[in-house]
Structure formats: C-alpha cells, structure tokens
Amino acid sequence: MVHLAISTSQFQSQVADLLPCNKSSKSQLIFGLLNAYKLLDHFDHIITDPFSSEEEMLQFHDKKYVETLLDVSLNQSTWKRPDETLEQWKHLAQLVKNDVFATQHAFQSPKDLLNYYKTYTNEGKMIRKRSIMNTDFEDQSEEEKGCEKVGSSLLKEFNLEGDCPIFPYLPLYLKVITGATLRLLDIPGLNLKPLNANTRNDRFIGINWDGGRHHAMKRKASGFCYINDIVLLLQKIRKKGIQRITYLDFDLHHGDGVEKAMLYSKNVQTISLHLYEVGFFPCTGSLNESKGINTVTLPLMHGFDDECLSELTDHVIQPCIREFKPEVIVIQCGSDGLMGDTFHEWQLTIAGLTNNIIKVMKQFPQCHVILLGGGGYNPTLTSRFYAYLTWNILNECGEFTKRLEKNPFEEEHSQDPKYDVLIPDHPFGEFYGDEEHYKFWSYDQDGSPLYRPLKNDNKPCLISNFRAHYQLD
C-alpha cells in the first residue's frame with residue numbers, strides 16, 4: 001500500500017509565516033484549507049513537530065555561513081518588520097484561538113513558538129551566545145542596535161540583505177522548516193528501497209508545502225531562501241541507498257541553487273522550467289547552460305499557459321525522466337506561475353498545473369515521490385492550489401475518493417461544476433471574502449474579474465527546439 005506522509009501543523013505554519021515574503025499568512029492559510037477539507041485525515045503519518053540540527057545543515061552549507069545564520073552577531077534591527085504585518089500574524093493566531101472547533105493550539109506570540117520548540121527538542125538555547133530569538137518583534141535594545149556595525153560585513157558576504165534579510169526568530173524558522181523536509185525520511189518503518197513492478201505497493205509519497213527553498217547557495221542566501229532543504233534532502237536520499245534521483249522544478253524562477261549543487265552529480269538529474277527573460281531573477285537557466293540529460297534547463301517566455309505546459313510535460317519532461325530512469329522523484333511545486341500571482345508572468349491555472357504534476361506521478365509509478373512547496377506570493381491563491389493538489393495526490397493514491405461522497409472542488413448540480421464552489425467555512429474564511437464572494441475557482445474562471453489572460457510569447461516551435469537540443473527525437 002502507498003505510504004502517505006506530510007509535514008504540517010499549526011505550529012509549523014506559524015513558524016513558516018515568520019518569513020517576510022509569506023506576508024504573515026501564506027502557510028497558515030494553506031494549513032487552514034487542508035483542515036477545512038479534512039485532507040489530513042487521510043495521511044498515514046503527519047509530522048507536527050519538525051526539527052533539524054546545525055550538523056544537518058553543514059552537510060551542504062559552509063560552516064561559517066551556518067554559524068552566522070544562527071548567531072547573535074547578526075543584528076535584528078537590520079530588518080524592519082512593518083507593524084501591520086505583525087498585527088496580521090497575531091490576528092490569524094487569534095482567529096484560531098477563538099474557533100470553538102479548532103483542534104490545533106494557536107501560539108499567540110513568536111516567543112511562544114520558540115518556547116514550544118525548546119520543549120520538544122530539549123534545546124535550552126537555540127544558538128551560541130545570546131540569541132536574537134530571545135527578543136520579541138516589538139523589542140530592540142540599544143545593545144542590539146549597536147551590533148549593526150559589527151555584523152554589516154557578514155550581511156554583505158552572505159547576502160543577508162535585500163530579499164534575504166535577517167528577521168526575528170530566523171534560527172527557529174530555519175531549524176523548523178528545514179526539518180519539516182528532512183524528517184519525511186525518518187518516518188518509523190519507512191524503507192526507501194528501489195521499487196519495481198512487483199513492489200509498487202510500497203511506494204512512498206511525502207509532502208512539505210513549506211519547503212522547496214531552491215535558491216539558497218552553499219554560502220549565500222538568495223531569493224528568500226537561506227538553507228537549501230532540497231539539496232539536503234537529495235543528499236539524505238542518496239544515503240538511504242537510492243542511486244538515481246530526478247529533481248523537477250515547476251517554479252516560475254530557475255532552480256539555480258539545486259542545479260548548481262548537483263551540477264557534477266551523475267546520480268541526480270535536475271529539470272527546471274522557468275521564465276527566462278532579461279533582468280528576471282536569478283538571470284540564469286538559459287538553454288546553453290544545460291548539461292545534457294542530467295541538467296535540463298527549459299527557459300520559457302511570458303504568458304506560458306496550460307496547453308504549453310501539457311505539451312512540455314508530455315514531449316520533453318517525461319521523456320527526459322524516462323531516459324534517466326530515476327528511483328525517486330522530488331518535485332518543487334512553486335505556485336508563482338499561476339494566473340493571479342503577483343508576478344503576473346505566467347497564466348497557469350490551478351487545475352492545469354496540478355494535472356501536470358499528477359501526470360508525472362502517474363507515468364512513473366515505480367518511483368517514490370516527495371513534493372515540496374516553493375514560490376507563491378498571493379497567499380489565498382497559493383492556499384487554494386496546495387489544497388487542490390493535495391486532494392488530487394490523495395485521489396491518485398487509491399481509496400481516497402471512495403471515502404468521500406463527492407469531489408469537494410466541484411459543484412455536482414451546477415451547469416459549470418466549478419463555478420459555484422465556495423471556500424468552506426473555517427477560521428481564515430474572511431481572507432477569501434473579497435475574491436468573488438468566497439468562490440474557490442475565482443482566478444481560473446472565465447468571466448471573473450480575477451481572470452486576466454496574458455499574451456503568450458512562447459513560440460510554437462518551442463517544444464521541437466527542446467526535443468532537438470536534448471536529442472529526444
């Protein structure tokens with residue numbers, strides 16, 4: 001039987017939302033919808049209290065870099081958290097606290113998160129010396145402000161500024177979110193052995209929607225990513241005896257950190273489809289940077305849509321994976337290419353992107369699969385996507401649909417089965433109120449004010465060019 005595991009909890013989602021680009025809500029909205037649809041009831045194992053150690057991070061990252069991320073010498077005052085952002089974080093916590101049906105404890109302050117982490121890890125101190133985490137968002141002592149000059153050279157050396165600022169409780173964030181990915185491989189009884197046609201029932205499917213930090217380099221933060229949990233995961237999978245792994249990246253941005261780390265590995269195939277235009281971060285991932293079937297770069301243009309993605313999956317991505325013959329597939333499921341994301345570069349729909357991810361899972365049933373999150377800067381859109389994707393993963397794994405009366409994402413008696421579906425009532429329901437009156441498919445529905453098609457700049461010859469480049473003909 002397929003073994004299903006997920007790393008998620010109220011605690012994990014609140015820690016994840018300390019990351020500035022999560023807008024204090026992204027992960028908690030995801031967790032809220034997973035609960036609202038009762039999807040967590042169908043997992044064999046749920047990791048609620050993840051952790052990771054400095055030693056685990058050092059399996060890839062530079063020692064000085066890791067010590068700097070976890071050390072007091074980096075100054076809290078170098079990053080100004082807007083008051084309204086902190087207030088929103090607290091507002092979500094209060095919504096859960098006031099919900100009479102809530103089964104998860106909501107933490108009312110970041111200090112509560114830290115104290116809880118200490119209780120289940122038995123860590124008296126998160127880091128050496130005096131921790132920046134011992135100070136709440138509102139408190140910045142003169143001593144801390146005086147550290148700014150001391151830490152400025154390290155901030156620049158490790159790119160801990162700009163889109164990768166030092167923020168309060170960063171060490172807690174790094175240990176919990178990195179651990180949420182790595183602990184998927186430590187589930188009791190899990191034997192991640194290679195599968196064949198006779199052992200498919202032992203397939204493992206693992207999920208961490210808060211992971212997928214694909215830009216972090218060995219000794220440099222980049223693109224909202226500090227610790228590369230993906231590279232650490234790939235290394236840990238190898239240590240389990242798996243010889244061939246495919247890493248597939250659906251994010252809008254090039255998975256440069258993972259690709260660079262695995263560039264010379266014959267055992268890991270990296271495939272990244274991404275927007276590649278002048279000046280677009282991280283400004284890498286051209287077709288010329290590919291290294292044959294082991295390092296597959298698929299640069300795309302503005303307006304990329306479902307039809308193009310389906311052709312790319314069928315005629316390029318799947319043939320590349322098939323030729324490599326992996327035993328495990330790790331999929332980064334970034335949502336920043338969806339129609340409605342704040343980047344407004346691609347126009348993939350929730351159903352379209354989901355269908356292609358599921359398609360890869362179905363085409364390679366002999367592979368274990370681990371799915372991670374990634375980019376996504378419209379929290380309500382991202383939460384919809386991961387809820388829908390989670391349901392489809394469960395559906396693909398067997399008996400799930402037999403335990404439900406109907407598909408919760410379709411309205412059975414509607415002329416258009418998608419149009420009338422509403423977001424379920426739950427503590428965070430108010431966040432969806434302005435989006436076409438709580439309708440789930442607002443961003444994908446033609447006729448909705450939120451449905452904004454883009455011009456597709458990807459040429460018809462795109463697929464044939466890729467196939468020729470990677471010698472798939």
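Modeller: Helices (H or I, at least four residues) and strands (E, at least two) are DSSP runs, numbered from the N terminus. This is a predicted model, where local features need pLDDT of at least 70, side-chain atom pairs count only at pLDDT 80 or more, and totals for chains, interfaces and linings use all residues. Residues are numbered from 1 along each chain as its sequence is written, and side-chain values use heavy atoms, with hydrogens and water left out.

Colleague: How many helices and strands does the protein have?

Modeller: Both kinds of element are present. The count for the protein is 15 helices and eight strands.

Colleague: What percentage of the residues count as buried?

Modeller: Buried means under 20% relative accessible area, exposed over 50%, partly exposed in between (1.4 Å probe, protein chains only). The protein has 473 residues. The share that counts as buried is 60%.

Colleague: Is Thr 270 buried or exposed?

Modeller: Thr 270 lies in strand S5, residues 268–275. Contact means heavy atoms within 4.5 Å. Leaving aside neighbours within four places in sequence, Thr 270 is in contact with residues including Tyr 247, Met 262 and Val 296. Its relative accessible area is 2%, so Thr 270 is buried.

Colleague: How do H2 and H14 lie to each other, oblique or roughly parallel?

Modeller: Axes are lines fitted to C-alpha atoms, for helices over the stretch in contact, and angles run from 0 to 180 degrees between N-to-C directions. The axes of H2 (residues 26–36) and H14 (residues 379–396) come within 8 Å and cross at roughly 40 degrees. Angles under 35 degrees count as roughly parallel, over 145 as roughly antiparallel, 65 to 115 as roughly perpendicular and the rest as oblique. Therefore H2 is to H14 oblique.

Colleague: How many charged residues does the contact of H2 with H14 have?

Modeller: Ala, Val, Leu, Ile, Met, Phe, Trp, Tyr, Cys and Pro count as nonpolar, Asp, Glu, Lys and Arg as charged, and the others, Gly among them, as polar. Residues in H2, including Lys 26 and Leu 29, meet residues in H14, including Arg 384 and Tyr 386. By class there are seven nonpolar, four polar and, for charged, two.

Colleague: Is the crossing of H6 and H9 left-handed or right-handed?

Modeller: The axes of H6 (residues 110–121) and H9 (residues 170–182) come within 11 Å and cross at roughly 50 degrees. That makes H6 oblique to H9. A crossing is left-handed if the near helix is turned anticlockwise from the far one by less than a right angle, and right-handed if clockwise. The crossing of H6 and H9 is left-handed.
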